[in-house]
Amino acid sequence: MSGFDVLVAGGGIVGMTAAFDLAREGRSVIIVDEGRHSGTTANAGSLHIQMQSRFIRMYPEQVADLERSLPLYPAGAAHWRALEAELGVDLEIKSSGGLMVADDAEQFAFLADKCARERRLGLDVHMLERAELARIAPYLGDAVHGAELCVEEGKLNPLKANEAIRMTLQALGVQRLDEAVITALSPAGHGIEARLSHRGGQRSLSAGQVILAAGSGTGQLAAMLGVAIPTVAEPLHVNVTEATAPLIGHLVQHAERMITMKQLGAGQVVIGGGWPARFTGPEEFPTVNPASMIGNLSLAQHIVPRLGSLRVIRTWAGVNTTTDGQCVLGKLPGHDNVFSAVPGDAGYTLGPLVGRMAAALAMGRDPGHDIARFTPARFAKPG
Amino acid sequence: MSDRLTITFEGRKVGAHPGQSLGAALAASGELALRQTAGGDCRGMFCGMGVCQDCLVTVDGAPNQRACMVKAADGMVVRRQAAPGETPPARMGAAPILFENLQTVTADVLVIGGGAGGLSAALAARSCGLDVLLLDERQTEGGQYYKQPSAALKAEPLDRQQRDGAALRQRCEGAGVRIIDGAETFAALDAGSVMATHAGRTAVYRARAMVIATGAYERAVPIPGWTLPGVMTTGALQTLWRSHRALPGHRILIAGNGPLNLQVACEVMAAGADVVAVAEAAALFAPARAGAALRMALHDPSLTAAGLALMARARRGGASLRFGQVARAISAVKGGLEVELGSATGGHGERFVVDVVALGYGFQPSNELLRALGARHDHDPGIRALRTVRTRECETTVPNLFAVGDACGLGGALAALEEGEIAGLAIAERLGARSPAGVSTNAAHRRLEGHRRFQAALWRLYDAPSPGLSLADDATLICRCEEVSKAALLAAMADGEPSIGAVKRRTRAGMGRCQGRYCGPLIAAHLAEETGRPLDERALFAPRAPVKPVTISDLVGGSPP
């Protein structure tokens, strides 16, 4: 048995950024990652700020919570820029603006209402009529009636970002155990003991503190300590086209239908936005669903007709985590040395900020934001 | 041959024959450099069969067209393509469709692939009265063994191999097999259905049983200079001559491992090319291999004799035959490509200056659809590839999903013919169809056994250590599409025993248009060697839809016009 100051469960963006802050402050850190859901770093790289209409439609009862969480999103996007500077690596972050497009007057009115509420909450958002929209986004097709523009939205290259952080952690001496599944967590002395199965063998680790940053796997880990966190894995389809000359400048979404589109620096257009993928086999490997490929790309071509001449060359199934629409961030009830760190919707946008706040909590510092309502205690059964 | 037509390439007029691919017409007129990569390199045709995506050109304003797959048409304006290509204006705004709106085409039996195995399976199932639908991605089916010329080319068959292919196709058509040419199968939905694009539209093809006969593509062995225009696979060189009657140059050097190289050397010599040398990695005449040679002669004396005759013909034609040697490096020099031969383990050898270098190191099964459907595969060290687990009747571990030919384990075209017949008849029995009087699979099983024994001996005769990444230098690109060097890949692979997916995300290797078909097996083999990871299905990149790049407007062009 070997002891670490902090064990971080989950090697995705949240776990890695938490480890980054802890290691910089001299803590000895080990990251344990299951590596099942595509190494948990199958991100698409959107920086979301405005409320995604898909969540408003799917979970109308969560809208109030979504609005309360809204200020966190511009802070999350700003934090990405700070992280880029700290890493000293170009992550291709572009704040080129995000458009949520409407097909007709009714959808436009829905967006106008959303826009007004978001403005009151401090977002830099505007409604654009067709003529004005055509000027800044000539790639949009005739079917688009108008759009809401969110100035601070954008994108980054997730492959570069994940790799830059991974290399930085390595240089800081953070240990990493991939393809390792935590099978038990239990209090031991002043710390926590974790039992793992790792590539066919069993081993155990002890740490003074544990950060649960395992996305949809967080619920299962918290349950080992008798705490309920209702994380649900939502496998989602992503399409990637072959590279083309600069075509789509913005992060593009739709007022009523599920889609996000953006063009990355190398020229490929990444198209996703919530079309379902599925899990297959005993290991629940995320697998794409051809029906989602068709529906998603068909909608993409409807919004940006010129995409029609490009070929789709790659797809993957990313795993989104849903809870109740808000972050689950804070001390686990009954466990002073275990913290959960699950971003609310748009986990990659919020990831580094949530990682930083979790590290601050573990070090007994102010996380810098009011996180009282994100506490995992909210899921505890009354009585 | 047919009349000439004219295309323009970069403003220059180039002649072509109807039925020829653009790539063939351009190669015959000396235009081998077809596109520029993001890294600034020039690329030309490499695989010649639609897999590598290196021969992309802009045709009449449409970018990203594979020169090897597009037929030349009079007046076509072809341009060299810089990376990334421009996106042309939209053809037409279409209303969004859903999967549920796609047209569904049904049959009793669906056969994917129109090579020896697919045609044979289709014919056998059809002979029992079943409604058989065969999808082939090429405009002229026949696969990579029969390599049929397009009808428009009006070319006489070159030899028995090509005559046999034409005859088998005619028998299928005569028997009423429904053949759809130019249909790209890009996704498998379940054991009996796939999605394919054809003529700019997508449809779901559904049947009670399915035969996957998707063949194989050539294995990559990266060496310095292997991405230069004029360096292509032996199969590409063979396709240029057999299917398009075009030669990409006069002086040719062929190097690699396996019997195809000598055959193609003789074919292009007969066509008038000057094959200066053929390098074969296996030392065929080493005493240790005598047993294998003897077993081959025992199982198929006529094929063995044909092999020896090929050797004699190549020598008579002036080709220098180098056994136990490989091409170690290629560089562009004034007047062509300079190739350095030598032993696989090191040392400098003789240099040749040629127009074209053909590299042939055997094949890799095209098993993406099978793996996507969850059919089990085991790694076979004998063929250094995955072998589909099948019953004696060629059924995979997924019920009603059959697989025949090279797609499930590189048995060669003659074995594929027998497997096709066996699978076709087994499906007929499964579906309760009546086979014609007197037909039994006993004879086919007997012939198949003979072919398999011959193949096994042939593999032993040609056995040579796989060069893997060993012939590449640090700067040699391993992932041709995303231009990832050996040094970058080795660094990523040495860092913490990563999975192949992690290597892909770290380096972008395998994220390009060929979908990792060339670099994937190399990375998997290296990781297996270094980390002891098993070489199972999970060792390769996940076989996700689309298993071929598909144009979005074709993909979502599902509703009837």
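The model is predicted: local features need pLDDT of at least 70, side-chain atom pairs count only at pLDDT 80 or more, and totals for chains, interfaces and linings use all residues. Residues are numbered from 1 along each chain as its sequence is written, chains are lettered from A and ligands numbered from 1 in the order in which they are written, and side-chain values use heavy atoms, with hydrogens and water left out.

Let us begin with chain A. Its residues are divided into domain 1 (3-42 + 160-231 + 324-379) and domain 2 (98-151 + 233-322), with bounds that come from an automatic or database domain assignment. The C-alpha centres of these two domains of chain A are 30 Å apart. Where they meet, 10 residues of domain 1 of chain A are in contact with 12 residues of domain 2 of chain A; contact means heavy atoms within 4.5 Å. Together the two domains of chain A bury about 870 Å², 50% of it on carbon and sulfur atoms. Buried area here is the accessible area (1.4 Å probe) that two parts lose on being put together, summed over both. The count of salt bridges between these domains of chain A is 0, a salt bridge being a side-chain nitrogen of Lys or Arg within 4 Å of a carboxyl oxygen of Asp or Glu.

Now turn to chain B. Here the assignment gives domain 1 (5-80), domain 2 (99-217 + 364-455) and domain 3 (222-360). Domain 2 of chain B and domain 3 of chain B have C-alpha centres 30 Å apart, and 17 residues of domain 2 are in contact with 15 residues of domain 3. The area buried between these two domains of chain B is about 1300 Å², with 54% from carbon and sulfur atoms. On the domain 2 side, Lys147(B), Leu158(B) and Phe454(B) supply 50% of the area buried against domain 3 of chain B, more than any other three residues. Asp159(B) and Arg242(B) bring their side chains together in a salt bridge of 2.7 Å, N to O.

What about the two chains together? In all, 45 residues of chain A are in contact with 50 residues of chain B. The chains bury about 4200 Å² between them, and 54% of this lies on carbon and sulfur atoms. Across this interface there are 4 salt bridges. Find Arg533(B) and Glu179(A), whose side chains meet in a salt bridge of 2.5 Å, N to O. On the chain A side, H7, helix H9 (290-303) and strand E18 (311-322) each supply at least two of the residues that touch chain B. H9(A) gives the largest share, 10 residues. Helices (H or I, at least four residues) and strands (E, at least two) are DSSP runs, numbered from the N terminus.

Our last stop is helix H13 (residues 500-507) of chain B. Why is this helix largely enclosed by the rest of the structure? It is because 7 of its 8 residues are buried, where buried means under 20% relative accessible area, exposed over 50%, and partly exposed in between (1.4 Å probe, protein chains only). Among the buried residues of H13(B) are Ile500(B), Val503(B) and Arg506(B). Their cover includes helix H7 (158-171) of chain A, along with strand E30 (484-485), helix H12 (486-493) and helix H14 (519-531) of chain B. After H13(B) comes Arg508(B), which has a positive phi, near 75 degrees.
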